[in-house]
Amino acid sequence: MTPLQRAKLLLAPLGWRLLTTTVRVRPARPAAPPGPCIFACLHRDILPAILHVRDRRPVLMVSASPDGDILVRTLGERDYGFVRGSSEGGGGRALVTLCRLVESGRCAGLAVDGPKGPYGEIRDGVLRLARLSGAPIVPLRARARAAVVLGTWDRTVVPLPFGRVDLDSGTPLHLDRDAEPAAVAAARASLRRFFGVAGGEA
(Lines give C-alpha, C1' and ligand atoms only; values in the text may rest on other atoms or scores of the structure.)
Protein backbone atom coordinates (compact mmCIF):
# COMPACT_ATOMS: atom_id res chain seq x y z
CA MET A 1 0.00 0.00 0.00
CA THR A 2 1.36 3.38 -1.00
CA PRO A 3 1.67 6.31 1.42
CA LEU A 4 -1.26 8.00 -0.34
CA GLN A 5 -3.42 4.90 0.06
CA ARG A 6 -2.48 4.63 3.73
CA ALA A 7 -3.52 8.25 4.21
CA LYS A 8 -6.83 7.53 2.45
CA LEU A 9 -7.43 4.51 4.67
CA LEU A 10 -6.86 6.65 7.75
CA LEU A 11 -8.92 9.64 6.69
CA ALA A 12 -11.76 8.06 4.68
CA PRO A 13 -13.72 6.62 7.67
CA LEU A 14 -13.54 9.98 9.44
CA GLY A 15 -14.73 11.81 6.35
CA TRP A 16 -17.56 9.34 5.76
CA ARG A 17 -18.71 9.63 9.37
CA LEU A 18 -18.77 13.41 8.99
CA LEU A 19 -20.83 13.16 5.81
CA THR A 20 -23.35 10.69 7.24
CA THR A 21 -23.94 12.78 10.36
CA THR A 22 -24.04 16.29 8.89
CA VAL A 23 -25.08 16.21 5.21
CA ARG A 24 -28.81 16.37 4.51
CA VAL A 25 -29.94 14.38 1.48
CA ARG A 26 -33.35 15.27 0.12
CA PRO A 27 -35.21 12.20 -1.16
CA ALA A 28 -34.98 11.38 -4.83
CA ARG A 29 -37.84 12.62 -6.96
CA PRO A 30 -39.67 10.46 -7.87
CA ALA A 31 -39.03 7.78 -5.25
CA ALA A 32 -37.53 4.48 -6.34
CA PRO A 33 -40.04 1.66 -6.85
CA PRO A 34 -40.38 -1.00 -4.12
CA GLY A 35 -38.62 -4.31 -4.52
CA PRO A 36 -35.21 -5.08 -6.01
CA CYS A 37 -33.80 -2.47 -8.35
CA ILE A 38 -30.46 -1.37 -9.77
CA PHE A 39 -29.37 2.04 -8.53
CA ALA A 40 -27.09 3.63 -11.11
CA CYS A 41 -25.13 6.87 -11.01
CA LEU A 42 -22.11 8.50 -12.54
CA HIS A 43 -18.91 7.88 -10.61
CA ARG A 44 -18.97 11.62 -9.99
CA ASP A 45 -22.02 11.28 -7.71
CA ILE A 46 -21.06 8.06 -5.96
CA LEU A 47 -20.71 9.56 -2.45
CA PRO A 48 -24.14 11.24 -2.19
CA ALA A 49 -25.79 8.35 -4.08
CA ILE A 50 -24.39 5.73 -1.68
CA LEU A 51 -25.49 7.87 1.24
CA HIS A 52 -28.99 8.19 -0.20
CA VAL A 53 -29.61 4.47 -0.83
CA ARG A 54 -28.29 3.30 2.53
CA ASP A 55 -31.75 2.46 3.90
CA ARG A 56 -32.27 -0.04 1.03
CA ARG A 57 -29.12 -1.94 2.08
CA PRO A 58 -27.88 -2.38 -1.50
CA VAL A 59 -25.11 -4.63 -2.74
CA LEU A 60 -22.46 -2.44 -4.34
CA MET A 61 -20.11 -3.44 -7.12
CA VAL A 62 -16.64 -2.33 -6.02
CA SER A 63 -13.43 -2.74 -7.95
CA ALA A 64 -10.86 -5.25 -6.68
CA SER A 65 -8.28 -2.51 -6.20
CA PRO A 66 -6.62 -0.84 -3.20
CA ASP A 67 -9.08 2.05 -3.51
CA GLY A 68 -11.90 -0.51 -3.57
CA ASP A 69 -10.51 -2.00 -0.35
CA ILE A 70 -10.60 1.44 1.24
CA LEU A 71 -14.22 1.98 0.18
CA VAL A 72 -15.32 -1.37 1.63
CA ARG A 73 -13.54 -0.73 4.93
CA THR A 74 -14.96 2.78 5.11
CA LEU A 75 -18.60 1.90 4.46
CA GLY A 76 -18.65 -1.29 6.50
CA GLU A 77 -21.04 -4.22 6.11
CA ARG A 78 -23.89 -3.11 8.37
CA ASP A 79 -25.66 -1.05 5.69
CA TYR A 80 -24.12 -2.39 2.48
CA GLY A 81 -23.13 -5.59 0.77
CA PHE A 82 -20.20 -5.79 -1.64
CA VAL A 83 -19.32 -7.69 -4.77
CA ARG A 84 -15.75 -7.19 -5.91
CA GLY A 85 -14.94 -6.84 -9.59
CA SER A 86 -15.09 -4.46 -12.53
CA SER A 87 -14.35 -4.17 -16.22
CA GLU A 88 -10.71 -4.04 -15.19
CA GLY A 89 -10.85 -7.56 -13.76
CA GLY A 90 -13.31 -10.11 -12.44
CA GLY A 91 -16.26 -8.20 -13.84
CA GLY A 92 -17.98 -11.22 -15.39
CA ARG A 93 -18.00 -13.25 -12.17
CA ALA A 94 -19.04 -10.21 -10.16
CA LEU A 95 -21.94 -9.53 -12.50
CA VAL A 96 -23.21 -13.11 -12.15
CA THR A 97 -23.00 -12.88 -8.35
CA LEU A 98 -24.73 -9.52 -8.32
CA CYS A 99 -27.48 -10.86 -10.58
CA ARG A 100 -28.16 -13.74 -8.19
CA LEU A 101 -28.40 -11.35 -5.26
CA VAL A 102 -30.83 -9.08 -7.11
CA GLU A 103 -32.94 -12.09 -8.06
CA SER A 104 -33.04 -13.03 -4.38
CA GLY A 105 -34.53 -9.63 -3.53
CA ARG A 106 -31.56 -7.33 -2.89
CA CYS A 107 -31.03 -3.97 -4.55
CA ALA A 108 -27.77 -3.31 -6.36
CA GLY A 109 -25.71 -0.19 -6.88
CA LEU A 110 -23.01 0.64 -9.39
CA ALA A 111 -21.39 3.55 -11.17
CA VAL A 112 -22.21 3.40 -14.86
CA ASP A 113 -18.85 4.83 -15.95
CA GLY A 114 -16.63 3.17 -13.34
CA PRO A 115 -14.11 2.26 -12.27
CA LYS A 116 -11.80 4.34 -14.47
CA GLY A 117 -13.99 5.98 -17.07
CA PRO A 118 -13.87 7.66 -19.39
CA TYR A 119 -16.18 10.12 -17.70
CA GLY A 120 -19.82 9.72 -18.64
CA GLU A 121 -19.42 6.62 -20.79
CA ILE A 122 -22.28 4.24 -20.09
CA ARG A 123 -20.56 0.88 -19.75
CA ASP A 124 -22.26 -2.41 -20.55
CA GLY A 125 -22.42 -3.71 -16.97
CA VAL A 126 -25.56 -1.91 -15.81
CA LEU A 127 -27.44 -2.85 -19.00
CA ARG A 128 -26.37 -6.50 -18.80
CA LEU A 129 -27.40 -6.68 -15.14
CA ALA A 130 -30.85 -5.31 -15.98
CA ARG A 131 -31.31 -7.85 -18.75
CA LEU A 132 -30.14 -10.81 -16.68
CA SER A 133 -31.98 -9.98 -13.45
CA GLY A 134 -35.17 -8.41 -14.78
CA ALA A 135 -34.82 -5.58 -12.23
CA PRO A 136 -35.33 -1.97 -13.31
CA ILE A 137 -32.46 0.49 -13.55
CA VAL A 138 -33.10 3.52 -11.32
CA PRO A 139 -30.69 6.30 -12.35
CA LEU A 140 -29.72 8.81 -9.66
CA ARG A 141 -28.31 12.28 -10.15
CA ALA A 142 -27.03 14.45 -7.29
CA ARG A 143 -27.07 18.24 -6.98
CA ALA A 144 -25.04 19.41 -4.00
CA ARG A 145 -25.70 22.92 -2.74
CA ALA A 146 -22.13 23.18 -1.41
CA ALA A 147 -19.42 20.77 -2.51
CA VAL A 148 -15.85 20.34 -3.62
CA VAL A 149 -15.26 18.89 -7.08
CA LEU A 150 -12.04 16.90 -7.21
CA GLY A 151 -9.68 17.14 -10.15
CA THR A 152 -9.96 13.43 -10.88
CA TRP A 153 -11.12 11.73 -14.09
CA ASP A 154 -14.62 11.29 -12.65
CA ARG A 155 -14.96 14.86 -11.28
CA THR A 156 -15.95 13.43 -7.89
CA VAL A 157 -18.39 15.60 -5.96
CA VAL A 158 -17.68 15.73 -2.22
CA PRO A 159 -20.53 17.45 -0.33
CA LEU A 160 -19.34 19.86 2.32
CA PRO A 161 -20.29 19.18 5.95
CA PHE A 162 -23.67 20.56 7.01
CA GLY A 163 -24.65 21.04 3.37
CA ARG A 164 -27.63 19.73 1.44
CA VAL A 165 -27.83 17.40 -1.53
CA ASP A 166 -30.86 17.06 -3.79
CA LEU A 167 -31.28 13.64 -5.42
CA ASP A 168 -33.18 13.25 -8.66
CA SER A 169 -34.33 9.88 -9.93
CA GLY A 170 -34.95 9.05 -13.57
CA THR A 171 -37.77 6.95 -14.95
CA PRO A 172 -37.03 3.27 -14.15
CA LEU A 173 -35.70 1.46 -17.20
CA HIS A 174 -36.72 -2.14 -17.89
CA LEU A 175 -34.92 -4.48 -20.27
CA ASP A 176 -36.13 -7.97 -21.15
CA ARG A 177 -33.66 -10.84 -21.11
CA ASP A 178 -34.10 -11.16 -24.88
CA ALA A 179 -34.05 -7.42 -25.53
CA GLU A 180 -33.08 -6.51 -29.06
CA PRO A 181 -29.94 -4.40 -29.66
CA ALA A 182 -32.18 -1.44 -30.52
CA ALA A 183 -33.85 -1.62 -27.09
CA VAL A 184 -30.47 -1.77 -25.33
CA ALA A 185 -29.25 1.19 -27.39
CA ALA A 186 -32.39 3.13 -26.48
CA ALA A 187 -31.83 2.44 -22.76
CA ARG A 188 -28.21 3.60 -23.05
CA ALA A 189 -29.35 6.77 -24.81
CA SER A 190 -31.94 7.39 -22.08
CA LEU A 191 -29.24 7.14 -19.41
CA ARG A 192 -27.02 9.54 -21.34
CA ARG A 193 -29.82 12.09 -21.52
CA PHE A 194 -30.60 11.77 -17.82
CA PHE A 195 -26.97 12.17 -16.79
CA GLY A 196 -26.38 14.96 -19.28
CA VAL A 197 -23.60 13.23 -21.18
CA ALA A 198 -23.28 12.51 -24.87
CA GLY A 199 -20.95 9.84 -26.13
CA GLY A 200 -19.01 9.86 -22.88
CA GLU A 201 -18.62 13.60 -22.24
CA ALA A 202 -20.77 16.28 -20.71
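**View 1. R26 stands opposite D166 of strand β9.** The model shown here and in the views below is predicted. Strand β9 covers residues 164–169, and its pairing with β1 is parallel, over four bridges. β1 (24–29) is an edge strand, pairing on one side only.

**View 2. Seven strands make up an open sheet.** Their order is β1-β9-β6-β2-β5-β3-β4, with mixed pairing. Strands of a sheet pair through backbone hydrogen bonds, in a parallel or an antiparallel arrangement.

**View 3. Helix α6 lies across β2, β6 and β9.** The helix runs at about 15° to β6. α6 spans residues 181–195 and β6 spans residues 137–144; both are among the elements that cover the buried residues of α5.

**View 4. Helix α5 (residues 124–133) has V126, L127, L129, A130 and S133 buried.** Seen down the helix axis, the buried residues of α5 fall within an arc of 160°, so they line one face of the helix. An α-helix has 3.6 residues a turn, so residues three or four places apart point the same way. The cover over the buried residues of α5 includes β2 (38–41), α4 (91–103) and β5 (108–111), as well as β6 and α6. Just after α5 comes G134, with a positive phi of about 80°.

**View 5. The largest nonpolar core holds 30 residues.** The members that touch the most others are I38, V126, L127, L129, I137, L191 and F195. Two or more residues come from each of β2, α4, β5, α5 and α6. A second, separate core has 24 residues, among them V23, V53, C107 and A142.

**View 6. What does I137 touch, leaving out residues up to four places away in sequence?** The contacts of I137 are I38, A40, V126, L127, A130, T171, P172, L173 and L191. Of these, V126, L127 and A130 are buried residues of α5. I38, V126, L127 and L191 are, like I137, listed among the core members that touch the most others.

**View 7. D67 sits in helix α3 (residues 66–75).** D67 counts as partly exposed because its relative accessibility is 40%. Between D67 and P118 the C-alpha to C-alpha distance is 18 Å, and the two are 51 residues apart in sequence.

Conventions:
Residues numbered from 1 in each chain as written. Predicted model: local features only at pLDDT ≥ 70, side-chain atom pairs only at ≥ 80, totals over all residues. Heavy atoms only, no water. Buried < 20%, exposed > 50% of the residue type's maximum accessible area, 1.4 Å probe, protein only. Arc of directions from axis to C-beta. Contact = heavy atoms within 4.5 Å. Core = buried A, V, L, I, M, F, W, Y, C linked by side-chain atoms within 4.5 Å. Pairing = 2+ DSSP bridges. Axes fitted to C-alpha atoms, helices over the stretch in contact; angles between N-to-C directions.
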